Amino acid sequence: MKPLFLSLFLLFSIASNSQRPDLNYFLEKAKSNSPLINRSKNENIIADLDLSQVRSILSKPEISIESGVLFAPIISHDNNSNKFQFVSEGADKYTGYDLAVTEGGQYQAVVSVKQSLFTASKYQAYSEMNDISHRINENNIALTIHETEQLVTYQYLLCLKSGLEVENSSLILKELGEQISILKKLVENAVYKQTDLLLLQIEYKNYEVELNMRKADYRNNFYDMNLLCGINDTTLHEIQEINLQLKTANSTSSQFLTSYSLDSLNILKSLSIEELKYKPEVGLFADAGLNAVYLPSFNRFGFSTGLTFKMNLFDGRQKEIMRNRAVINLNSIGFEKNNFITKNDIYKNKTISNIKSLDERLIIIEEQSSQYKTLFDVYTRELSQGEISALAYKYLLKDISAKMRERLLLKMEKQMLINSYNYWNY
């Protein structure tokens, strides 16, 4: 069998080689270099830090130093005189703040301690919120990885298609070059005219131009794949073949649907966090130090302690508004989920139908390829014997090249449809 027809009977003409990068290599690079995956992982760390901060606020006392000095001097007019007094000496007539208000000033320097009590239920709510945040981030990571796999696989298939087109063009060029060598000898023996040789030589140049275009396409697609995967490398590599298969339908819940469930849980838990302000708040406080309303002395050092209680009685029915807003958001998520399920089923059924249609067309292409193989063998033999025109051979070669490309495109289109189906069937 002629080398030209190898690509007509093989799914891919690029041989597997363990030293060539495969799809898994690019997938791993894309995952490790993905900013979205890295951000989601960091958001899990931030969520844990936020929970630690809440635990500290609710369980640890707040200790602070409070100090302040207020001076309220007056000008006394008693005894028909004007006398500046830094601290009032009991003047009846004076200019300045009312003594009943200032009492000479205010002097404070205390250490205060505040501690919230009965906070276990609050911490539990924040802990559950943190768990939901973790699950949302993990689901986002899974979906990002899945989307990355779909995008990288698609780009990998584009590279593979370009590489196979380079391979096919090279095979055509090689075959044509061999026939030109044979034709030169036949021209010397006056079996063919010089114009026949010139015709094939012009066609050879056309295929050279086509081959350079295919190589440029492969280079651009390969660089785009490196860009997608975050690989800083300008070296071109031949990649290994792949043969994607349809994944069976999920027996468990779709990962896409999981995101809708988690979004609903997040809304409900956020509502419970907002409603914490309607629960009673009990706290313990204590302070010690200097606290006086006149020039202080050492006998005005002391301490105080007590309890605080706070409870929201009415805030304009904001609680009802928050709950109504949550219900609307839940309804929106439910609507979007049902819409996604419908579109997902339609898209998968459409893709399966297209794959079946491609398989039917490929069967016809395979039959045509077999016929072209027989015809090509006859034309090659007759050309070497001077029994057919160079023009007829040229047209046959062009038809074979077009059929090789058609078959290749159909197979690559099928692979892309399988990749798309596997993406949605997740």
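Arg325 is partly exposed, with a relative accessible area of 44%. Here buried means under 20% relative accessible area, exposed over 50%, and partly exposed in between (1.4 Å probe, protein chains only). This is a predicted model: local features need pLDDT of at least 70, side-chain atom pairs count only at pLDDT 80 or more, and totals for chains, interfaces and linings use all residues. Residues are numbered from 1 along each chain as its sequence is written, and side-chain values use heavy atoms, with hydrogens and water left out.

**Salt bridges**

Arg325 forms a salt bridge with Glu274. The term requires a side-chain nitrogen of Lys or Arg within 4 Å of a carboxyl oxygen of Asp or Glu. By this rule the count is 18. Three of these pairs are tabulated with their closest N and O atoms.

| Pair | N to O distance |
|---|---|
| Arg325 and Glu274 | 3.5 Å |
| Lys122 and Glu281 | 3.7 Å |
| Glu165 and Lys161 | 3.9 Å |

Arg325 sits in helix α8 (residues 318–384) and Glu274 in helix α7, 51 residues apart. Helices (H or I, at least four residues) and strands (E, at least two) are DSSP runs, numbered from the N terminus. Glu274 is partly exposed at 33%.

Lys122 belongs to helix α5 (residues 120–188) and Glu281 to strand β6 (residues 281–292), so their bridge ties together parts 159 residues apart in sequence. Lys122 is buried at 15% relative accessibility. Glu281 is partly exposed at 30%.

Glu165 and Lys161 are four residues apart in helix α5, so about one helical turn separates them. Glu165 is buried at 5%. Lys161 is buried at 19%. A network of salt bridges links Lys161, Glu165, Arg214 and Arg405.

**Helix packing**

Helix α2 (residues 23–32) packs against helix α6 (residues 194–229) at about 40°, with axes 8 Å apart. That makes α2 oblique to α6; angles under 35 degrees count as roughly parallel, over 145 as roughly antiparallel, 65 to 115 as roughly perpendicular and the rest as oblique. From α2, Phe26, Lys29 and Ala30 make the contact; from α6, Phe222, Met225, Asn226, Leu228 and Cys229 do. Contact means heavy atoms within 4.5 Å.

Ser259 lies in helix α7 (residues 255–274). Ser259 is buried, at 16% relative accessibility. Beyond its neighbours within four places in sequence, Ser259 contacts Asn139 and Leu143.

**Sheet**

Three strands form an open antiparallel sheet in the order β3-β2-β4. Strands pair if DSSP finds at least two bridges between them. Strand β2 (residues 74–76) is joined to β4 by two bridges. Ile75 stands opposite Thr95 in β4.

Conventions. Axes fitted to C-alpha atoms, helices over the stretch in contact; angles between N-to-C directions.
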